[in-house]
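Biologist: I would like a close look at one part of this structure. Please take it slowly, as for someone new to the subject.

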Amino acid sequence: MTMFICDNNRGKGDDYPYNSGIEGVNGNDIHLYWYGVNDCAGFQIRQALQPNVSGGADAWGSSADNGLLLLDTIVGPDVLDLVIKNQQYSTDFRFAIRVLSKKDDNKTDFSHASKWYGHGDGRQWAEYLGITTSDRYATPFCVYVDASKTTETTMRVMLNRKFSTVSEGVSADDQLVYRERFEMDGENFVYQWLEVEASPSNPSSTVGEKWKKYKLSEEDFERGYVEIDGLQKNSVYVINVRNENVKVKWDAYYNTYSSRSDGEPGAPIEVTHKVTAPERDYFDTQEAYDAAMVEYEVALKYDAMRIDFMLTDFISDVDLAEGQEYLLEGGKTYCIFNNLTTCKGFVLRTKPEDVAAGKRAKVLLGGMYTKGTDVVSANLVFGRQPQAGEGGEVYMKMLEFHDIDFDCPLARNYGDVEAGLGGATGNYFINMYSNGMAVHLEDLVIKNCTFKRMVRGFIREQGVNYKIWDNVLIEDNQFFDCGYHTNGAGGYNWVAGSGNNANSNLYKNFVVRNNTFFDCPFPSFFNETQTKFEWKAGAWNITFENNTLVNWNTRAAGNVFNMRRLPDGSVFNVKNNLIILTKKDGDPRDMVMGGADIRNTATMDDGIAGHVTLNFGNNYSTNTFLTNGQIFSTNAWNSTKNNFGTLVSNQSATLNGSLDVLADDISPTELMVSPNPPHVASGKAAGQFMHRADALDGTGGSDGANLYYNKTDKVFNSAIYKNNVGDPRWRK
């Protein structure tokens, strides 16, 4: 068996000249090198997209059978390198190679060929080769869809050509790239062809034949748009404009745009709880079916109905519109075993009548069995990975979750690692692939849910493409037994922005209200710490109010806010929050709390610092474990060093109210029935169970807490009670 030469197996460092990797002025040529083998017949080399073959040998075989390989070629025995030119930008490729034998004809018979090198899954570093092409240079935004004119069968595709229009708001450096890299006719960008195709999300969807390759007329350009028809409802289409004078495909395109045709959501679908074995016809391979049968046996043990197949099929089902509502039965358990791609908006909730009766559905995000020493977890995934030739964004109108208890039952944290049970579980509620497409989500709603054993993070965005959330509402939720991924409360923040694209904006209207966070050590809630550029996608409007924070992060004094270069015009509404530090007598754990790390506002084009508005007030704490009379042991909001107070003192912020968190004259145990963590630590920062809690409403017994307020005069006369501070549920 030969191998591609790379640092994983050669160990010569990244600058070794014969390492396989990218080359060329644009970083999208791939040069493969491999080790020679004496007296062989040649070498067979294959190329595929990472998402198609990440499952290993079976996935490579399935891709070959289904025509999904990008390259499948044979070279002679003396050929030890191969250049694959002009590949798609910002794309994660995988490669495989095997040695051919002179005993075979190497056309239909490969029985004496070596094993394949390259079928590892990425964690087996010496058994795979992954190469990611460079990001494309700055690209003019010349085509988009006017969503207000979209119907079930038509779209209005807008055509931009004029330099002044396309470059509005674009940096001078990018404008220079536009002129250097793209052909212009006077002040107009040059392109002649419009190309429309169904997205790989719904590959069988129809499109009018003429639009698959349509020669644009001067009348089209004068009108400024074309109306494309022949579309299918509830389907995503990939739209490009191309300059035929540029011979390299990926340089001939301008921006790629994706858009969904309309469709009316049908009646809510009731997901009647039933644990049944999967059908063989659903799976492409026997191996996939066998794996599903193993998972079925696991689901039986939890009496959990599997729903990830249903929600995956929803994406490509053109009879189901975006916004489809799925109703789960209260008092029943559902589960997913595979990471669940979300690129078409839906609503998942417990049936309202069951909620009214005090019954809620539970959804297990994997965590029901182990493979080797690892817990097999699953999570939702924002957007998806692109297929060959695909770019642009994933646009979703909504993603909503209501009245559900989410859990990952066997998930391990750092305490379990120290106890010798195995590695910490790297799970989230929602994650994103590093090579995922750009995402634009209108509404993300997470309301009246509980989250337990989300260990590595809650919501994580990553990758080089932009992410935009228009509206986010995280309201009335409870979070407990989460975090503690590493000893220092590592892992990812509650909301981890990628910080890799200046056109991202997760915080256009981000509301976190009426939630309780109990002893969950994650680094920060709001985190945007890039320092490479100024944000281009508008102001942030963040609301953090009426939340109860109990032992927010006592492992590393984690901050609620950790942000840099706040965009001009941003608004922070931080009011009515209750912050508590508490522990049982004799518990040696540290009691620390960080407020914020805020460095600066964005620098405007004229060199002046951007200005933000801070609406703060009525934030309180209890009276235990104070530092200099207030709850923050570090990075208090009113600090004039690296904090909100800094922005006020240097006049880059207007403050309405007060940055102070007032200490009320009441202790946690005077205020609440049983607010202390149920398990005592074995050291200042040690203990397997020190951050575990089964419930916060008194139903967890000795393994839970009870945050309901005591019915005493001291509580009723406290400022916390009188001013309606904190999560209102605990006042009842």
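Is Ser-718 buried or exposed, and what is its relative accessible area?

Modeller: Please keep in mind that this is a predicted model. Ser-718 has a relative accessible area of 4%. The cut-off for buried is under 20%, so Ser-718 counts as buried. In the chain, Ser-718 sits in the loop that lies between helix H14 (713-716) and helix H15 (719-722). Its side chain reaches back to the backbone oxygen of Val-715, at 2.6 Å. Leaving aside residues up to four places away in sequence, Ser-718 touches Asp-664 and Ile-666.

Burial can also be followed in a strand. In strand S29 (residues 438-447), seven of the 10 residues are buried, so this strand is largely enclosed by the rest of the structure. Two pairings of S29 can be described. With strand S26 (residues 393-402), S29 pairs in the parallel sense over nine bridges; here Met-398 has Asp-443 of S29 as its bridge partner. With strand S32 (residues 467-475), S29 again pairs in the parallel sense, over eight bridges. In S32, Ile-468 is the residue opposite His-440. As a general point, strands of a sheet pair through backbone hydrogen bonds, either parallel or antiparallel.

The antiparallel case is found elsewhere in the model. An open sheet of four strands runs in the order S13-S12-S15-S16, with antiparallel pairing. Its edges are strand S13 (214-215) and strand S16 (257-260); each has a single partner strand, so one side of each is left without a neighbour in the sheet. The pairing of S13 with strand S12 (residues 193-198) is antiparallel and consists of two bridges. Within this pairing, Leu-194 stands opposite Tyr-214 of S13.

A disulfide is a covalent bond between the sulfur atoms of two cysteines. The structure holds zero disulfides. Cys-6, for example, is in no disulfide, and the nearest cysteine sulfur, which belongs to Cys-40, is 19 Å away.

Conventions
Residues are numbered from 1 along each chain as its sequence is written. This is a predicted model: local features need pLDDT of at least 70, side-chain atom pairs count only at pLDDT 80 or more; totals for chains, interfaces and linings use all residues. Side-chain values use heavy atoms; hydrogens and water are left out. Buried means under 20% relative accessible area, exposed over 50%, partly exposed in between (1.4 Å probe, protein chains only). Two strands pair if DSSP finds at least two bridges between them. A polar contact is a pair of N or O atoms within 3.5 Å; within protein, one must be able to donate a hydrogen and the other to accept it, and residues adjacent in sequence count only if both atoms are side-chain atoms. Contact means heavy atoms within 4.5 Å. A disulfide is a pair of cysteine sulfur atoms within 2.5 Å.
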